[in-house]
Amino acid sequence: MVGRPFLIAHAMTHGFTIITHERPSGRAPKKRIMIPDAAAIHGVTTLTLYEFLPSYASHNFSLK
């Protein structure tokens with residue numbers, strides 16, 4: 001949990017996209033804040049691994 005704020009701040013500073021397995025919680029209350037929710041508040045784009053691979057590695061990757 002300690003690295004989450006650093007990860008989001010680093011992505012925000014350098015214009016990076018965060019790849020994560022976490023999904024946004026939507027409006028459902030959670031015990032912890034998910035990375036996509038915190039990133040969205042700060043304008044950082046997030047993708048799941050399955051969204052990332054076809055977009056950036058399509059020549060080496062396919063979903064079956």
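This is a predicted model: local features need pLDDT of at least 70, side-chain atom pairs count only at pLDDT 80 or more; totals for chains, interfaces and linings use all residues.
User: Is Ser 25 buried or exposed?

Analyst: The relative accessible area of Ser 25 is 19%. Buried means under 20%, so Ser 25 counts as buried.

User: With which side chain does the side chain of Ser 25 make a polar contact?

Analyst: Leaving aside neighbours within four places in sequence, Ser 25 is in contact with Lys 30, Met 34 and Asp 37. The polar contact of the Ser 25 side chain, at 2.6 Å, is with the side chain of Asp 37.

User: In what order do the elements of the protein chain run from the N terminus?

Analyst: The protein chain holds 3 helices and 2 strands. From the N terminus on, their order is α-β-α-β-α.

User: Which element supplies the largest share of the largest nonpolar core?

Analyst: The largest nonpolar core has 7 residues: Ile 8, Ala 11, Ile 18, Ile 35, Ala 38, Ala 39 and Val 44. Both α1 (3-14) and α2 supply at least two residues of this core. The largest share, 3 residues, comes from α2.

User: Why does the pair of Arg 4 and Glu 22 tie together parts that are apart in sequence?

Analyst: The side chains of Arg 4 and Glu 22 meet in a salt bridge, at 2.8 Å from N to O. Arg 4 lies in helix α1, whereas Glu 22 lies in the loop between β1 and α2, so the parts tied together are 18 residues apart in sequence.

User: Which residues do salt bridges that share partners join into one network?

Analyst: Glu 22 also forms a salt bridge with Arg 32, with the closest N and O atoms 3.4 Å apart. Glu 22 counts as buried because its relative accessibility is 13%, while Arg 32, at 33%, is partly exposed. The salt bridges share partners, and the residues joined into one network are Arg 4, Glu 22 and Arg 32.

Notes
Residues are numbered from 1 along each chain as its sequence is written. Side-chain values use heavy atoms; hydrogens and water are left out. Buried means under 20% relative accessible area, exposed over 50%, partly exposed in between (1.4 Å probe, protein chains only). A polar contact is a pair of N or O atoms within 3.5 Å; within protein, one must be able to donate a hydrogen and the other to accept it, and residues adjacent in sequence count only if both atoms are side-chain atoms. Contact means heavy atoms within 4.5 Å. Helices (H or I, at least four residues) and strands (E, at least two) are DSSP runs, numbered from the N terminus. A nonpolar core is a set of buried Ala, Val, Leu, Ile, Met, Phe, Trp, Tyr and Cys residues joined through side-chain atoms within 4.5 Å. A salt bridge is a side-chain nitrogen of Lys or Arg within 4 Å of a carboxyl oxygen of Asp or Glu.
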